[in-house]
Amino acid sequence: MGTNVEVLPSQTALLERSLLLVADKINTATALRGQCTIALSGGSTPKSLYEAIAKQSLPWEKVHVFWGDERYVPPEHPDSNQGMARRAWLDKVDIPAANIHPMPTDAADPAADAQKYELEVREFFGSAPGEFPVFDIVLLGMGDDGHTASLFPHTDVLQARDRAIGVGNKDGQPRLTFTAPLINQARCVIFIVAGANKQSALAQVFAPQGDDMAYPSRLIEPVGELWWLLDESAGGNLGLATSQSRSNY
Ligand SMILES: O=C1O[C@H](COP(=O)(O)O)[C@@H](O)[C@H](O)[C@H]1O
């Protein structure tokens, strides 16, 4: 399916566009299939989006929230992606507790917790062995090293082919993460990227030929729609028209 790249003139415009797109995809999924499964990203960029989504009137009882990656810390830890999303969004809307599916981080064994989450996700989706769950929406960010979710450059989890959830490695620290094959089954993957420090990695990710192990965001080629929403300072030098969708960049 198509790839859409939009370069928005400011961080505010990026936020507004992201909000519009995510709300539209949630409404479409719930109208077509009766529910929406969304995987959240962490890091610094999505917080203002989550705060804005919390103010929307959306069919929360039909939305199921998962996480695409997680630091291996308890939910109350300041680095927890779950904690951030709950404070910014989920605690503020009328979403049933049973619709929130955080990654477990309490076994003191990241591989065991990754396996536990894989079973939970597969059971929720009713995925047959050998099949991957199909998320309606996967939200992603991108680090200035080209990582996405917790798929860091030159780490073992990049080789995963038959696992949906793996253990990433950020400077020796374990993190739980969706694998590229799971992300790539999604109906819609949305990257939201802001800041001049992302320019050089973006150029590598968008290059026609490149090293997927060095820039793991290159591994994301979903079956469904792929959206890259960039602010001007991140994407302005890529030679793309501002606020214009491009197919097949
Ligand atoms: O997809 C993701 O990307 C970010 C990059 O984060 P940012 O702080 O530069 O916005 C990553 O670290 C995060 O965990 C992940 O979900």
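Predicted model: local features only at pLDDT ≥ 70, side-chain atom pairs only at ≥ 80, totals over all residues.
**Entry 1: the three-stranded sheet**

I looked up the sheet with the order S4-S8-S7, an open sheet of three strands with antiparallel pairing. I note that strands (E, at least two residues) and helices (H or I, at least four) are DSSP runs, numbered from the N terminus. Two strands pair if DSSP finds at least two bridges between them. Strand S4 (69-71) and strand S7 (165-170) stand at the edges with a single partner strand each, so one side of each has no neighbour in the sheet. Direction ignored, neighbouring strands of this sheet are turned by 30° against each other on average.

Residues are numbered from 1 along each chain as its sequence is written.

I then followed S7 and strand S8 (residues 173-178), which pair in the antiparallel sense over six bridges. The bridge partner of Asn169 is Pro174 in S8. Helix H4 (residues 110-125) lies across S7 and S8 and runs at about 145° to S7. Such angles run from 0 to 180 degrees between N-to-C directions, and the axes are lines fitted to C-alpha atoms, for helices over the stretch in contact.

**Entry 2: the seven-stranded sheet**

I found a second open sheet, with seven strands in the order S1-S10-S9-S6-S2-S3-S5 and parallel pairing. Strand S1 (3-8) and strand S5 (100-101) stand at the edges; each has a single partner strand, so one side of each is left without a neighbour in the sheet. Strand S3 (residues 63-67) runs parallel to S5 and is joined to S5 by two bridges. Phe66 stands opposite His101 in S5. Helix H1 (residues 11-33) packs on the sheet, touching strands that include S1, strand S2 (36-40) and strand S10 (225-231). The direction of H1 makes about 160° with that of S10. Residues are in contact if their C-beta atoms, placed from the backbone, lie within 7 Å.

**Entry 3: single residues**

Is Ala149 buried or exposed? I read Ala149 as buried, because 33 C-beta neighbours lie inside 10 Å. The rule is that a residue with 20 or more other C-beta atoms within 10 Å of its own is buried, one with 12 or fewer is exposed, and one in between is partly exposed, with C-beta atoms placed from the backbone. Ala149 lies in the loop between S6 and S7, and has a positive phi of about 45° although it is not a glycine.

His154 also lies in the loop between S6 and S7. His154 has a positive phi of about 55°, again without being a glycine, and counts as exposed because 10 C-beta neighbours lie inside 10 Å.

Ala88 lies in helix H3 (residues 81-88) and is partly exposed, with 18 other C-beta atoms within 10 Å. Not counting residues up to four places away in sequence, Ala88 touches Lys47, Tyr50, Glu51 and Ala54.

I placed Glu131 in the loop between H4 and S6; Glu131 is exposed, with 12 other C-beta atoms within 10 Å.

**Entry 4: the ligand**

How many residues surround the ligand? I noted 14, the closest being Ser41, Gly42, Gly43, Thr45 and Gly141; a residue is near a molecule if its C-beta atom, placed from the backbone, lies within 6 Å.

Conventions: Contact = placed C-beta atoms within 7 Å.
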